Amino acid sequence: MTSRKTYYITTPIYYVNGRPHIGSALTTLCCDFLKRFRMMRGEDTWFLTGTDENATKNQEAAQEAGVDPLDFVTRLADDFRQAWDGMAYAYDDFIRTTEPRHVRTVQEVFRRLRDTGDLYRGTYEGWYCVSDETFFRETDVRDDHLCPNEECRKPLRRVQEENWFFRLAAYGDRLLEHIEANPEFLQPASRRNEVIGFIKQGLRDASVTRSNNGWGIPVPDEPDKVIYVWFDALINYLSATGWPDDPETYARLWPASVHMMAKEIFVRFHATLWPAMIIALGLPLPQTVYAHGWWVGSGGKKEGKRTGGLPHPLELVRDIESRSGASHELAVDALRYLLLREMVFHGDSEFSEENFLRRYNADLANDLGNLCNRTVSMVGRYCDGVGPAAQPDPEIGAVVAECVREYETVVDEFRFHAALEAAWKIVSRVNRYIVDQAPWNLAKADRRDELDVTLTTCIEAIRVLSILVAPAMPHASAALRQQLGLAEGQPQWADASRWGASSGLRVATPRPLYPRIQDLTAEPLPTPPEKERAMEPQPTDTVAAAPTAKPTITYDDFAKIDLRIADIIEAEPVPNADKLLKLTVQVGDETRTILAGIAEMYEPAELKSKQIVIVANLAPRKLRGIESQGMLLAADVDGQAVILQPETEVPAGAPVR
RNA sequence: GGCGGGAUAGCUCAGUCGGUCAGAGCGAACGGCUCAUAAUCGUUAGGUCGAGGGUUCGAGUCCCUCUCCCGCUACCA
């Protein structure tokens, strides 16, 4: 063994013309999990993500919008960066394909492959789709001369141009050889078989340049051409290592340990073209290329093809946050947990918000959160808040050890949901243990020794859990440790195997990590999350939400919202709710009930006869057992609501535009 | 069209070499407990394991046919 190789893991670089959604969030999350897990084990890690910006479409879209293309893609790239920051993904590097370091590497790759003869000139004459940046053969094109891609169908252009081609066909045998000899190279196995089938069918050389329209990476010495966006994009994994200018960093990072991605870009690009390019360059191949499945809509509809239907991860976070009252950071972790836990190993998984929320209650609120809460509470009550110095139960210790082993095994197989399942075996075993031991009876009978063993066992189990959940839920891990009274700092994996490592901890005041969600009804998700927050009871410990630029919407999107002026006729507090007021409002000749989370800022009396702005066509929703038929608009100032009013009195029901 | 993967309790899914495999979790019902977040613990699900046929002493578990879904690939010059 020579110097220690860094565990280098990558996401694909994301097309900036899409937006972040729970699919790309999952890919990135898997990488984050692996990084955090490896780090915890003491390994050197490097986690790369980024954006793919050289597509011709971007330039055209920028022109339409009348903006400079680079500014345009920069803004879009920032959307991704903010989304990933908001999800607490601890990437080490964010690469953009418009950066000089990437351009430099891509051009060098091109030069070298040109020199070795892996690239050659060829003439292409035929049909070209600008949108897909793809050439089509004569036989693929129908008489209408529209793009054969069913999801595109844009008019094709007749082109004749000389381009550079990559000798992909020459690498089929070498690829197959490597794939057969290295079972861990392409995973999971079902996907590997698809690749083998694809290669055995015979590969075709790939056209890797396009004519230069002012956007993209110019071909060295041929400024009238740019490098095809896919050829350019894959090279980002190499660019980020500093190849060829920074041999030291390169040596530390390359080859990549894992290229993680969703399945649609696996077979042709990451499992075929990219490895062939690497072989042609004479570089070592990545250790593992892994493809996970898609989120598909409920009812068997294939929503994965178009990810437009999938929500933005931070929208879901806001929803969890406002429904549960969990802190923002813990809501982020809740979604991280749910994404990893709901995505099954082999294939596509169903995305259903209701199922997510159900699992939130079951796994996070009832099982994990409550286990911590009841333990800390009992230590407070029976031991004056100091963990006893007893030996924890060895039988539970054996169960914990077994789960820790299982966890480690399945993580190395990329079965994240199975890892979390293993951790939750501990949770449910200890919940059962508590009932079996009945510490409340032990306390009454003054059976001190048994009580000490019981509570020490609980504390120890939670301490181990705080380590096991850390890769998926870094904030929740810290919260568990805070509750137990453990010193701050990164948990270490080795401590998961030290049963009985803690004693005499001073526990914190018990505070539920994950409050239960009362209403699981799945609302249509595109509900504006920020406005909704002002409506919901706000927990006092809510951390300020990470600022998130919302994506641009069209006028049509805006026009769907029916905003109206309303007169407040009646305002009264809602029983058992600190922050909710029940408003009876007049909208034109209609009277409605609206619930608003403004009780902390406004007295019912002072609201009477005030004019407000409401969203009149929001789907009704039950809050605290009362149906709210609309939503009041208010500014959100650090969680406090400030209602919006017309400047002068106007007729109730007047539309707002 | 070819190749591959699915179809298992209301929901999401496990089921390795054919014989306590008909399972888990959630949801629901009932009961226990009271430390806890109306939590937790226990019991309860009688589901023709997509349809039909076959091999076998015995088949979700192997073979054939069919239906539906999904993926990869090819579009028949």
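## Overall contacts

Among contacts in chain A between residues at least 6 apart in sequence, 74% join residues at least 24 apart. The model is predicted. Its chain A holds 21 helices and 25 strands. Of the 657 residues in chain A, 55% are buried.

## Helix α13 and its partners

Two packed helices are described by the angle between their axes and the distance between the axes. Helix α13 covers residues 353-383, and helix α12 covers residues 328-342. These two pack at an angle of about 105°, with axes 10 Å apart. That makes α12 roughly perpendicular to α13, since angles of 65 to 115 degrees fall in that class. On the α12 side, the contact residues are A334, L335, Y337, L338, L339, R341 and E342. On the α13 side, they are N355, F356, R359, Y360, D363 and L364. By class, the contact of α12 with α13 has eight nonpolar, one polar and four charged residues.

Helix α11 (residues 313-324) also packs with α13. The axes come within 12 Å and cross at roughly 50°. The two helices are therefore oblique to each other. The crossing of α11 past α13 is right-handed. From α11, the residues L316, D319, I320, R323 and S324 take part. They meet E353, L357 and Y360 in α13. The residues of this contact of α11 with α13 divide into four nonpolar, one polar and three charged.

## Helix α18, an enclosed element

How many of the eleven residues of helix α18 are buried? Eight are, so α18 (residues 474-484) is largely enclosed by the rest of the structure. The buried residues are P474, A476, S477, A479, L480, R481, Q483 and L484. They pack against α1, α12, α13 and α17. After α18 comes G485, with a positive phi near 90°.

## Buried R463

R463 lies in helix α17 (residues 448-468). Its relative accessibility is 4%, so R463 counts as buried; the cut-off is under 20%. Which backbone oxygens does the side chain of R463 reach? One belongs to D495, 2.9 Å from a polar atom of the R463 side chain. Another belongs to R498, at 2.4 Å.

Leaving out residues up to four places away in sequence, R463 touches R481, L484, L486, D495, R498, W499, G500, A501 and S502. R481 and L484 are among the buried residues of α18.

## Buried T27

T27 sits in helix α1 (residues 22-40). T27 is buried, at a relative accessible area of 3%. Its side chain makes a polar contact of 3.2 Å with the side chain of H292. Beyond four places in sequence, T27 touches T11, P12, Y14, M260, M261, A262 and H292.

W254 is found in the loop between α9 (247-253) and β12 (258-262). W254 is buried, with a relative accessible area of 5%. A polar atom of the W254 side chain lies 2.9 Å from the backbone oxygen of P284. Beyond four places in sequence, W254 touches K5, Y8, Y237, L238, T241, W274, I278, L283 and P284. W254 and L285 are 31 residues apart in sequence, and their C-alpha atoms are 8.7 Å apart in space.

The peptide bond from W254 to P255 is cis, with omega near -5°. P255 lies in the loop between α9 and β12.

## Other backbone exceptions

Most residues other than glycine have a negative phi, and most peptide bonds are trans. A cis bond also joins Q187 and P188, where omega is about -5°. P188 lies in the loop between β7 (186-187) and α6 (189-200).

A88 is not a glycine, yet its phi is positive, at about 65°. The place of A88 is in the loop between α3 (69-86) and β3 (93-96). At 15% relative accessibility, A88 counts as buried. D384 has a positive phi too, near 55°, and is a residue other than glycine. D384 sits in the loop between α13 and α14 (394-412). D384 is exposed, with a relative accessible area of 65%.

Key:
Residues are numbered from 1 along each chain as its sequence is written. Chains are lettered from A and ligands numbered from 1 in the order in which they are written. This is a predicted model: local features need pLDDT of at least 70, side-chain atom pairs count only at pLDDT 80 or more; totals for chains, interfaces and linings use all residues. Side-chain values use heavy atoms; hydrogens and water are left out. Axes are lines fitted to C-alpha atoms, for helices over the stretch in contact, and angles run from 0 to 180 degrees between N-to-C directions. Helices (H or I, at least four residues) and strands (E, at least two) are DSSP runs, numbered from the N terminus. Angles under 35 degrees count as roughly parallel, over 145 as roughly antiparallel, 65 to 115 as roughly perpendicular and the rest as oblique. Contact means heavy atoms within 4.5 Å. Ala, Val, Leu, Ile, Met, Phe, Trp, Tyr, Cys and Pro count as nonpolar, Asp, Glu, Lys and Arg as charged, and the others, Gly among them, as polar. A crossing is left-handed if the near helix is turned anticlockwise from the far one by less than a right angle, and right-handed if clockwise. Buried means under 20% relative accessible area, exposed over 50%, partly exposed in between (1.4 Å probe, protein chains only). A polar contact is a pair of N or O atoms within 3.5 Å; within protein, one must be able to donate a hydrogen and the other to accept it, and residues adjacent in sequence count only if both atoms are side-chain atoms.
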